[in-house]
Amino acid sequence: MLNLPKRSATPIRSPYESLGLKDLPFPTEPVVDPYSYDERRNGTIYAESPVRAEIEKFEQLLIRPADFPNRVRLAYLWSKGDQQSGRGMGKTALLRYFRQRINKDWGSSEFAGQFSAMIVYVAFPSQVDRRYMEQLALSALVDICKNGVLHASRAALRRDVLSEEQVDAVVVNSDGISNYENLLNDDILRSNNILPADLDETIARKLTEMGVQGESAQALAQGKFENHLRSFRKDGNLEPFYVPRDTKILDYSRALLFNDMVYYLLAAGFAGGYLFIDDIENLVDQMARRHRIEFAKEFALCTVRPGYANTKHSFFSCVLTTHQQASVGLSQAWGEAGLSAIARLDPTSPNSVELPLPSKDQAREIIIAHLDHYQVNPQDKGSVKPFSEEGMDALLKNKEMLHPRVLLSNASKVIQHALQSGAATIDAALVQAAMDNSASVATPDFTEGIEGAL
């Protein structure tokens with residue numbers, strides 16, 4: 001007998017409603033995953049006030065809406081601490097915050113509709129041991145395939161090729177509302193006597209004239225760039241980035257990103273972009289000295305030295321996240337590649353933004369931001385409910401507990417303990433009981449996971 005899955009006729013009620021919450025407000029795994037659908041983990045919940053000074057410095061260095069062409073080309077996002085305690089300080093969350101700010105409408109809000117920009121996010125969940133710059137470029141290309149910019153760019157290029165009358169006929173729906181997704185709907189184009197194949201061929205010629213290589217131009221014009229990337233691999237996959245004896249895609253990844261993709265985005269109307277490179281230590285920790293120097297020179301060639309379209313047009317500004325211990329091995333290579341003269345690899349560099357350990361008040365704001373997102377009663381927003389003031393003080397009672405990753409981990413366990421205890425209010429005694437109940441809370445593991453969140 002075949003059993004079919006049962007659809008719930010009513011929304012599933014959360015047990016956390018007894019605490020006045022729609023769900024558990026804190027991640028059970030307090031690490032950011034920008035691709036997760038869970039708002040507790042993808043960086044959607046973000047407390048700006050604890051890092052307002054750092055956000056403003058980031059904006060002054062890299063956003064510069066009134067002086068965008070003169071934004072810095074290379075910057076660093078640091079966290080205080082060593083390889084262990086430096087993790088979980090919120091570097092990934094800050095990158096995710098800016099990524100969401102700009103990519104939500106390709107910079108239209110950020111730059112007051114003057115021009116468009118976009119962010120590419122690169123991360124290495126495990127250490128890289130070869131073909132370093134090539135794997136970095138491939139990681140960026142994979143993110144480009146995921147973040148929606150290819151579709152938006154293709155629609156923009158189709159709009160530019162068509163006449164105003166044709167665009168209006170295609171994008172304006174019967175209710176009078178414009179929907180630019182229609183530009184990607186071949187059936188709607190045909191219904192308006194527009195041949196999609198001819199449109200794609202015209203765009204491909206335009207891209208080729210700008211400098212995009214032939215096969216890439218055809219794939220981009222036809223909306224098949226991801227398939228084009230997959231064609232380089234025998235297994236048709238894009239991840240993991242390195243597969244022994246199947247490295248053809250790595251032979252082309254740098255040119256695809258720093259030449260073809262730059263020309264494509266310029267053709268679509270983007271004035272520039274940002275390349276966020278997270279957890280640089282996973283890229284460089286296993287490098288021998290000669291490999292660090294080789295990587296630094298290749299990185300310089302791709303990002304600041306003449307050689308690629310990216311540097312010719314000053315398209316991508318790069319932001320690297322790191323901590324002091326991880327930077328030691330790379331600093332000498334940075335100097336030999338001439339990168340230190342452009343942006344010194346040091347937390348005190350003018351091109352650096354450093355995230356400090358939150359104060360008690362700032363940690364409180366982080367907790368409130370998560371609670372606000374899940375409060376059942378809108379009037380409770382801005383409060384510490386279901387914590388009492390004494391309970392909140394107990395959660396933030398010492399410096400070690402203010403570390404963002406530890407803070408979120410503790411808060412999650414306290415809320416779950418309160419639910420199991422049947423309490424409606426979380427007081428100091430309940431917080432202490434939750435702490436006593438979990439040895440992992442008392443001895444946090446800084447090394448587990450990707451990068452921490454605020």
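Biologist: How many helices and strands does the protein have?

Modeller: This is a predicted model. The protein has 19 helices and 7 strands. Its radius of gyration is 24 Å, close to the 22 Å that the globule rule gives for 454 residues, so the protein is as compact as a globular protein of that length.

Biologist: What does the C-alpha trace span along its principal axes?

Modeller: About 70 × 60 × 55 Å. Of the 454 residues, 52% are buried.

Biologist: Now the charges. How many salt bridges does the structure hold?

Modeller: First the general idea. Side chains of opposite charge can pair when their charged atoms come close. Here, the structure holds 25 salt bridges.

Biologist: Which residue forms a salt bridge with Asp186?

Modeller: Arg158 does, with the closest N and O atoms 3.2 Å apart. Asp186 sits in helix 6 and Arg158 in helix 4, so the pair links distant parts of the chain, 28 residues apart.

Biologist: Is Arg158 buried or exposed?

Modeller: Buried, at 0% relative accessibility. Asp186 is partly exposed, at 25%. The cut-off for buried is under 20%.

Biologist: Which side chain meets Asp200 in a salt bridge?

Modeller: That of Arg158, at 3.0 Å from N to O. Arg158 lies in helix 4 and Asp200 in helix 7, so this pair ties together parts that are 42 residues apart in sequence. Asp200 is buried, with a relative accessible area of 11%.

Biologist: Which residues do salt bridges with shared partners join into one network?

Modeller: Arg131, Glu134, Asp251 and Arg254.

Definitions and conventions: Residues are numbered from 1 along each chain as its sequence is written. This is a predicted model: local features need pLDDT of at least 70, side-chain atom pairs count only at pLDDT 80 or more; totals for chains, interfaces and linings use all residues. Side-chain values use heavy atoms; hydrogens and water are left out. Helices (H or I, at least four residues) and strands (E, at least two) are DSSP runs, numbered from the N terminus. The radius of gyration is taken over C-alpha atoms; the globule rule is 2.2 Å times the number of residues to the power 0.38. Buried means under 20% relative accessible area, exposed over 50%, partly exposed in between (1.4 Å probe, protein chains only). A salt bridge is a side-chain nitrogen of Lys or Arg within 4 Å of a carboxyl oxygen of Asp or Glu.
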